[in-house]
Amino acid sequence: MHQTFDAALEINLLHANQAGADHNREHFDEWGITCLNLMSSPGAGKTVLLEKTLAALKDQLKMAVIEGDMTTELDAERLRQYGVPVIAINTGRSCHLDSKMVAGGIHRFKEDYNPKEFDLLLVENVGNLVCPAEFEVGEHAKVALLSITEGEDKPLKYPIMFQEADCLIITKLDLAPYLEIDLQRLEANVRSMNPDVKIIALSAQTGEGLEEWLNWLKSQVNTPRFLNC
């Protein structure tokens with residue numbers, strides 16, 4: 001059976017992107033930097049989670065952020081207040097970061113800093129439950145966020161995001177008493193897509209569950225995976 005033009009084009013785009021992602025990861029491995037790719041729909045809480053993370057770990061880990069948004073540097077400015085390098089990438093009409101965009105961010109990062117002095121690079125992807133999961137950027141692990149306000153069915157309706165995630169963060173846990181949400185069903189739906197994914201439920205507002213997230217994140221930094229280890 002012949003592939004449609006659109007299907008062939010998508011395969012070629014993904015192949016080219018993967019080659020770029022592998023090249024980015026080679027840089028991260030050479031420098032000893034762990035890279036995490038944070039993905040979610042708009043408003044699920046990626047930026048506020050990063051704020052809490054930077055505040056909690058800035059004295060323990062040397063961190064930097066690549067901040068992806070279609071327009072503006074509003075989120076980037078929020079994160080710069082924590083005294084870490086933040087590289088803003090505006091994607092224009094593109095609904096995700098790709099490996100070429102992140103390579104450009106890496107180049108800008110190298111111009112001003114010594115990458116070998118850093119432990120962790122956090123990539124905040126564009127808010128979208130579909131495309132970011134398909135386009136790797138060179139990350140060592142993918143972190144998906146799902147707000148309880150989005151409902152229990154999202155893992156079934158948008159499976160690729162949850163199948164690809166190494167860690168799933170259920171956010172806005174403090175709102176649970178005000179919603180008709182079955183957290184056990186939500187987790188079961190996630191497990192049906194990805195039985196082995198790490199699931200952490202938390203509230204960035206109250207701090208509930210935040211320590212578990214920070215411990216998981218630090219475990220990723222301490223995982224031996226680098227060429228210079």
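Predicted model: local features only at pLDDT ≥ 70, side-chain atom pairs only at ≥ 80, totals over all residues.

Trainee: Okay. Asp22 first: what is its relative accessible area?

Mentor: It is 33%, so Asp22 is partly exposed.

Trainee: Which side chain does Asp22 meet in a salt bridge?

Mentor: Arg25. The N to O distance is 3.2 Å.

Trainee: And is Arg25 buried or exposed?

Mentor: Buried, with a relative accessible area of 18%.

Trainee: Where do Asp22 and Arg25 lie?

Mentor: Both lie in helix H1, residues 5-31. They are three residues apart, about one turn of the helix.

Trainee: Which residues are linked with them in a network of salt bridges?

Mentor: Glu136, Glu139 and Lys142 join Asp22 and Arg25 in that network.

Trainee: Switching to Arg78. Which residue does it form a salt bridge with?

Mentor: Glu51. The closest N and O atoms are 2.9 Å apart.

Trainee: How accessible are the two partners, Arg78 and Glu51?

Mentor: Arg78 is partly exposed at 31%. Glu51 counts as buried, at 14% relative accessibility.

Trainee: What about Glu73, which partner does it have in a salt bridge?

Mentor: Arg80, with 3.0 Å between the closest N and O atoms. Glu73 is partly exposed at 36%, and Arg80 is partly exposed at 29%.

Trainee: How many salt bridges does the structure hold?

Mentor: It holds 12.

Trainee: And the charge count, positive and negative?

Mentor: There are 21 positive and 35 negative side chains. The centres of the two sets lie 2 Å apart.

Trainee: Zooming out, how many helices and strands are there?

Mentor: Nine helices and seven strands. The radius of gyration is 17 Å, close to the 17 Å from the globule rule for 229 residues, so the protein is as compact as a globular protein of that length.

Trainee: What does the C-alpha trace span?

Mentor: About 55 × 50 × 35 Å along the principal axes.

Trainee: And how much of the protein is buried?

Mentor: Of its 229 residues, 51% count as buried. The protein exposes about 11,200 Å², and carbon and sulfur atoms supply 50% of that area.

How values were computed: Residues numbered from 1 in each chain as written. Heavy atoms only, no water. Helix = DSSP H or I, 4+ residues; strand = E, 2+ residues; numbered from the N terminus. Rg over C-alpha atoms; globule rule 2.2 N^0.38 Å. Buried < 20%, exposed > 50% of the residue type's maximum accessible area, 1.4 Å probe, protein only. Areas by Shrake-Rupley, 256 points an atom, 1.4 Å probe, with all protein chains shown as cover. Lys, Arg positive; Asp, Glu negative; His and termini not counted. Charge placed at Lys NZ, Arg CZ, Asp CG, Glu CD. Salt bridge = Lys/Arg side-chain N within 4 Å of Asp/Glu carboxyl O.
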